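Q: I have a structure open and want to go through it with you. Can we start with the terms and then look around?

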2 protein chains.
Amino acid sequence: MKRSFIREILEAIDEETISFAGGLPSEKLFPRDDLKVATLTALDNPKIYQYGISNGINELREQIASRYTKEGFPTTKDNILITTGSQQAMYILAKFFENKDITIEEPSYLGAMNIFRLNHLNMFGVKLEDDGINVEEFEKSFKETKLAYLIPDFQNPSATTYCDEKREEIAKIVKKYDGILIEDSPYSELFFDKKNIAISSKLPKNSFHLGSFSKTLVPSLRIGWIRADEELLKSLMIIKESIDLHSCGISQYILAEYLKDEEKYERHLQEIRDDYAKKANYFSEQLNKIMPEFKHQKPKGGMFLYGSFEEGIDTFALVQECLKKKVVFVPGNQFYIDKVPNPEIRFNYTHSNFEQIEKGIKLIKSCL
Amino acid sequence: MKRSFIREILEAIDEETISFAGGLPSEKLFPRDDLKVATLTALDNPKIYQYGISNGINELREQIASRYTKEGFPTTKDNILITTGSQQAMYILAKFFENKDITIEEPSYLGAMNIFRLNHLNMFGVKLEDDGINVEEFEKSFKETKLAYLIPDFQNPSATTYCDEKREEIAKIVKKYDGILIEDSPYSELFFDKKNIAISSKLPKNSFHLGSFSKTLVPSLRIGWIRADEELLKSLMIIKESIDLHSCGISQYILAEYLKDEEKYERHLQEIRDDYAKKANYFSEQLNKIMPEFKHQKPKGGMFLYGSFEEGIDTFALVQECLKKKVVFVPGNQFYIDKVPNPEIRFNYTHSNFEQIEKGIKLIKSCL
């Protein structure tokens with residue numbers, strides 16, 4: 001089994017290369033000063049350095065639960081398990097469901113697919129449409145698998161967001177077959193227009209809802225979480241504890257301190273949304289101007305812009321050429337189960353400035 | 001499969017309970033001021049908040065490698081993989097060797113045995129003697145499994161330390177059958193007398209050597225590592241990356257900053273050794289005085305004191321009684337594959353003061 005293409009690229013490229021490949025948030029938006037203040041206060045907490053409990057510190061779990069409740073999804077700290085990034089949340093669930101069949105979107109998150117392979121899950125892909133997964137095909141597949149992994153908000157890689165009707169229909173199908181939905185939501189807060197309703201809120205006993213601070217604050221803290229029914233969550237504890245006993249204590253206390261000022265966090269989120277919306281617009285405009293043969297929808301949130309050339313262009317071959325000219329992206333075939341070359345591309349637009357965006361697209365165009 | 005008895009106790013006991021159960025280091029020895037200084041400097045590093053590479057930051061891997069090299073075990077940063085505690089190091093290896101047979105010591109580390117079970121490894125126990133594993137039995141078992149998990153320094157739970165001859169013999173056997181040794185060494189720095197030679201240093205191409213900062217600095221940073229041959233290490237990357245992309249960046253930068261002053265770290269280690277040696281002595285003396293029917297060896301390092309009553313006493317039943325009187329320890333049967341009740345006990349002596357040690361032993365005695 002191969003390592004993640006994205007992680008390998010991230011380690012191989014030099015500092016001059018323009019990267020539209022990773023899922024890196026913009027460093028300029030990291031609230032460094034506020035995090036420093038939070039860290040200084042957190043360091044005085046006598047508990048900060050000792051071993052902690054496996055599900056995470058109470059303060060942070062309460063803060064996360066409170067955000068769900070305010071959004072109309074009643075949640076207590078006992079519904080929250082703190083994980084080492086939402087990557088680990090995914091790993092824990094894949095280990096829990098090892099050897100099972102699972103329905104996923106196609107295209108889907110590369111990291112999740114690698115985790116499923118590693119834990120011997122058998123993936124069944126269902127096509128994503130512009131307003132979410134194809135519901136009829138989803139039901140056909142879910143009836144058999146009774147387990148699904150979906151990213152309904154600003155999906156990675158496609159930027160697709162499910163419409164309200166499809167959210168309702170998916171929830172009904174999961175309940176009908178008494179199955180389980182794994183709803184991955186690292187980008188939910190990064191909306192340009194409006195926040196969507198979690199599908200999990202319609203099936204609190206049949207879902208794992210995954211969140212992360214990596215895209216909204218900073219990734220290096222490695223803090224994410226799983227929101228689930230208390231009994232479901234308990235069944236994951238043996239795995240969480242086996243993997244790393246508990247997630248980084250210092251990170252948890254820093255976050256709990258930072259999140260005490262909810263308004264500050266909201267202002268920070270708004271700042272990210274505004275910045276990313278501008279970049280998404282600019283990226284889309286420049287694509288239309290410089291490389292109009294690349295068809296795409298302008299993103300409504302998240303970190304990615306997805307689209308396609310016409311049939312016949314192999315973007316996996318193209319990226320090897322682009323790498324020589326010092327610009328990279330992720331070719332669409334990486335996000336499919338069979339990885340057959342295709343004309344699609346995922347662009348990350350959050351980690352480049354306007355100049356790099358324009359220059360990068362021109363470089364790609366020159367490789368066509 | 002059940003959760004770890006120790007983790008469950010840790011979560012269940014109240015603040016009044018005297019705990020000889022966990023493996024908690026003494027909070028009084030945490031270098032809070034020095035870590036605060038290191039943190040403040042680390043926070044100014046522009047890279048501290050972004051995603052990092054999966055094997056860990058260069059600075060920290062170089063510092064760890066340099067300590068090995070100075071001890072006569074030539075190592076570069078490319079031999080080091082940073083993990084989220086050495087617990088994760090163990091998990092990564094168990095996942096890598098899933099479904100395989102493995103030779104372990106009996107008694108052995110409870111957490112490792114749980115991880116092996118979770119990853120469907122088939123464990124074969126070989127009896128520990130006062131100077132290390134029974135070599136003849138080890139060879140018989142290793143010939144078949146070609147994979148072993150050993151804790152040669154101040155073993156958890158038994159406090160056993162391998163003599164130099166047995167280290168040589170184990171290395172020869174692993175080489176003879178071209179197998180793999182997983183050498184777990186979280187306590188190696190906590191010697192009261194002298195540092196031992198890692199068995200892995202005699203078979204650098206056939207070993208994974210595991211280390212941790214949880215016992216020498218603070219546990220909540222969740223930073224450990226695997227030292228191995230570069231090619232062996234590469235084969236673990238897909239698993240590491242699937243589990244959490246990379247270990248906490250903030251923790252890594254704090255550690256790298258702290259470790260710049262090697263003499264300071266050495267002074268700190270000496271302080272821990274002196275403190276733990278005093279506590280080990282006191283614990284042993286009090287046991288001899290209050291409960292002489294509990295036979296044990298005085299520890300030569302590490303965090304645990306292990307011993308046994310005479311046959312017929314079931315310490316798993318005893319601990320339930322002791323819990324009511326607000327004192328806990330880990331009954332010996334937890335450290336065996338079959339968990340059959342036995343008269344053995346593991347005491348942690350690092351997390352209690354002299355008063356608690358005396359009081360706790362008296363409470364246990366009153367339950368006999």
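Predicted model: local features only at pLDDT ≥ 70, side-chain atom pairs only at ≥ 80, totals over all residues.

Q: OK. How many residue pairs are in polar contact between chain A and chain B?
A: The count is 37 residue pairs, with both residues at pLDDT 80 or more.

Q: Which helices of chain A give two or more residues to the side that touches chain B?
A: They are α1, α2, α4, α5, α9 and α10 of chain A. The most comes from α9(A), which gives seven residues.

Q: What kinds of residues are on that side of chain A?
A: There are 26 nonpolar, 20 polar and 14 charged residues.

Q: And how many residues are in contact across the two chains?
A: On chain A, 60 residues are in contact with 60 residues of chain B. The area buried between the chains is about 5,400 Å². Carbon and sulfur atoms give 57% of that area.

Q: How many salt bridges are there between chain A and chain B?
A: Two salt bridges are counted there. Lys36(A) forms a salt bridge with Asp44(B). Their closest N and O atoms are 3.0 Å apart.

Q: What about Arg222(B): buried or exposed?
A: Arg222(B) is buried, yet it has no salt bridge. The nearest side chain of opposite charge is Asp244(A), 5.8 Å away. A salt bridge needs the charged atoms within 4 Å.

Q: Where is Arg222(B), and what is it in contact with?
A: Arg222(B) is in the loop between β8 and β9 of chain B. Leaving aside neighbours within four places in sequence, its contacts include Tyr51(A), Asp244(A) and His246(A) from chain A. From chain B they include Thr83(B), Gln87(B) and Ser214(B).

Q: New topic. Why is α5(A) largely enclosed by the rest of the structure?
A: Eight of its nine residues are buried, so the rest of the structure largely encloses α5(A). Among the buried ones are Leu110(A), Met113(A), Ile115(A) and Phe116(A). After α5(A) comes His120(A), with a positive phi near 60°.

Q: How many residues of α9 in chain B are buried?
A: Eight of eight, so to speak: the helix is mostly covered. The buried residues include Lys240(B), Glu241(B) and Asp244(B). Leu245(B) follows α9(B), and its phi is positive, near 65°.

Q: What does Phe97(B) touch?
A: Not counting residues up to four places away in sequence, Phe97(B) touches Leu121(B), Leu147(B), Ile180(B), Ile182(B) and Phe208(B). Phe97(B) is in the loop between α4 and β3 of chain B. Phe97(B) counts as buried because its relative accessible area is 10%, and the cut-off is under 20%.

Q: Which peptide bonds are cis?
A: One joins Asn156(A) to Pro157(A), with omega near 15°. Another joins Glu106(B) and Pro107(B), with omega about 0°. Pro157(A) is in the loop between β6 and α7 of chain A. Pro107(B) is in the loop between β3 and α5 of chain B.

Q: What is phi for Ala159(A) and Lys326(B)?
A: Phi of Ala159(A) is near 70°, a positive value in a residue other than glycine. Phi of Lys326(B) is near 70° too. Ala159(A) is buried, with a relative accessible area of 14%, whereas Lys326(B) is partly exposed, at 30%.

Definitions and conventions. Residues numbered from 1 in each chain as written. Chains lettered and ligands numbered in written order. Heavy atoms only, no water. Contact = heavy atoms within 4.5 Å. Buried area = accessible area lost by both parts, 1.4 Å probe. Polar contact = N/O pair within 3.5 Å; in protein donor to acceptor, adjacent residues only side chain to side chain. Helix = DSSP H or I, 4+ residues; strand = E, 2+ residues; numbered from the N terminus. Nonpolar A, V, L, I, M, F, W, Y, C, P; charged D, E, K, R; others polar. Buried < 20%, exposed > 50% of the residue type's maximum accessible area, 1.4 Å probe, protein only. Lys, Arg positive; Asp, Glu negative; His and termini not counted.
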